[in-house]
Amino acid sequence: MKSLILSAAMLLASEGAFACSNLIVGKKASVDGSVLVSYNADDYGMFGYLCHYPAGTHPKGTMRQIYDWDSGVYHGEIEEAPVTYNVIGNINEFQLSIGETTYGGREEMVDSTGILDYGSLIYVTLQRAKTAREAISVMTSLVEKYGYNSEGETFSICDPNEAWIMEMQGTGAGSKGVVWVALRIPDDAICAHANQSRIGKFNMKDKKNVLYSKNVISYARKMGWFNGKDSEFSWKNTYAFPDFSGRRFCDARVWSFFNHYADDFDRYLPWALGKDKDAEDMPLWIVPNRKLSVADVENGMRDHYEGTALALDTTSIGGGIYEMPYRPTPLTFTVDGKQYFNERPISTQQTAFTFVSQLRSWLPREIGGVLWFGNDDANMVAYTPVYCGNTVQPACYNTKGADAVTFSSDNAFWLCNMVSNMVYPRYSQLFPELKAVRDSLETSYFANQTSIEKQAADLYQTDKAAALKLLNNYSNAKADEMLANWKRLATRIIVKYNDMAVKKEKDGKLLQSVTRPGYPISFGRKLVKETGDWYAVPVEKK
């Protein structure tokens, strides 16, 4: 089985690609009735920005060129839709939001001749669909016509009323074919996926909540991968078997999210650890023991397995002097011929952008949909609100001249990365400074949300355009506010913690005098244990 499958470890090790996380919350599982969906776009070298596709109309016969979302390679062209909708980031004007994680699956299923890759498919679909069900129809019909040029993918597809999870793979080079299955997540449940196929067995008779391609099982039979009864068919066991890496590096992230909202979830810890082949598999979704807020999901995207058996030992040598809950990649490394690995939490340094979509059915659609957005590691940024009807991005999320190799202090991706890269190696010392700014900003955004949305809703009744402009201006102002705070934070860190010393403070102002904290006690003990008495100061006899 291993030789036939592109393992998650191989994928995660390949320059950080395909290493994302999605969390999903049904409308009856959230505190306010929102459907929530989140996404960390994790890929080394990726430049994060907030994209925008304006609504439009297109004459019959208009063609659209498709370039690979990851590599930029030209794949071909597809017929453009007569009408396309406004899209900002991963949400459109109808509160449809789509995220993804790549799991790879069987290598021989990849079709390099297909036109649509997973990223292009997401943004094309957001421009063409109003609901999650319609999005599934659009996505599958497009790849069945033009071919699918990506490895196995899990998609989160959500609107204000429904949340769906869909998995898709090609059917081999030159086939222009696909297999896929989509399941509706119960309204009172939460779900997650993180680079390991999650869908196992599914009820093919439940036409309301289960959708699938006609060849979903017959293709596997033809390839000799499955010969049981249809009712015994498991998508992931057939197309993307969860090996050690798929469980420890990927499903473990799902386990950690569920563990926060389930009683006695340690029963599934052996599955997450990945070493017990007979361990009990996790459910695809669970009913949480309490309802989740936007803040809960944001915090979920910041998770490092804290308080669990998989928590990174911040006091070990791996955490450095200042107890860092991050590790260098690739995840696996070799020492004296033996292979080892690091844990892979949800929060990771290679995140290019992150979002939490809040989708609300009881509000006018352009007011109900909010993309809480940030550039860089979710743990290191403040999510700012971006409303789904917005047509002008904040300048800091779409900065002229800034790109993957061009720094700009006016660009959120680069400024946030500059700050986080100062914090990482001195985490226990500097992170409280960042967290205070981050949490203060997010608290203010949540406190302002009801007021600004009421203003917009009142104005919406008489002047829709003015209401949308109000929300757009508000979104951009909050992003600008975040950037200004981050610039001050960067300056404060440089000045206060210069040369490994710490400047004293009085009445909130930094003083010229410094303290020199030296090693934290826990690290000092380890250092002494390693070096013995070599550096011990001799005690002179009096």
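Biologist: By class, how many nonpolar, polar and charged residues does the lining of the largest cavity have?

Modeller: This is a predicted model: local features need pLDDT of at least 70, side-chain atom pairs count only at pLDDT 80 or more, and totals for chains, interfaces and linings use all residues. Residues are numbered from 1 along each chain as its sequence is written, and side-chain values use heavy atoms, leaving out hydrogens and water. Ala, Val, Leu, Ile, Met, Phe, Trp, Tyr, Cys and Pro count as nonpolar, Asp, Glu, Lys and Arg as charged, and the others, Gly among them, as polar. The lining of the largest cavity has 6 nonpolar, 6 polar and 3 charged residues.

Biologist: What volume does the largest cavity have?

Modeller: A search of the whole structure finds 3 cavities of 30 Å³ or more (on a 1 Å grid, points where a 1.4 Å probe fits but cannot get out; lining residues have an atom within 4 Å of a point). The largest cavity has a volume of about 100 Å³.

Biologist: Which lining residues are the closest to its centre?

Modeller: The largest cavity is lined by 15 residues. The closest to its centre are Arg 327, Glu 343, Pro 345, Thr 348 and Gln 349.

Biologist: Are helices α11 and α12 roughly parallel or roughly antiparallel?

Modeller: Helix α11 spans residues 427-460 and helix α12 residues 464-496. They pack at about 170°, with axes 11 Å apart. Angles over 145 degrees count as roughly antiparallel. Therefore α11 and α12 are roughly antiparallel.

Biologist: How much of the chain is buried?

Modeller: Buried means under 20% relative accessible area (1.4 Å probe, protein chains only). Of the 542 residues in the chain, the buried share is 57%.

Definitions and conventions
On a 1 Å grid over the protein atoms alone, a cavity is a set of points where a 1.4 Å probe fits but cannot get out, and a pocket is an open set with protein on both sides within 12 Å along at least five of seven lines; lining residues have an atom within 4 Å of a point. Grid points are joined across faces, edges and corners, and a volume is the space filled by probe spheres set on the points. Axes are lines fitted to C-alpha atoms, for helices over the stretch in contact, and angles run from 0 to 180 degrees between N-to-C directions. Helices (H or I, at least four residues) and strands (E, at least two) are DSSP runs, numbered from the N terminus. Angles under 35 degrees count as roughly parallel, over 145 as roughly antiparallel, 65 to 115 as roughly perpendicular and the rest as oblique. Buried means under 20% relative accessible area, exposed over 50%, partly exposed in between (1.4 Å probe, protein chains only).
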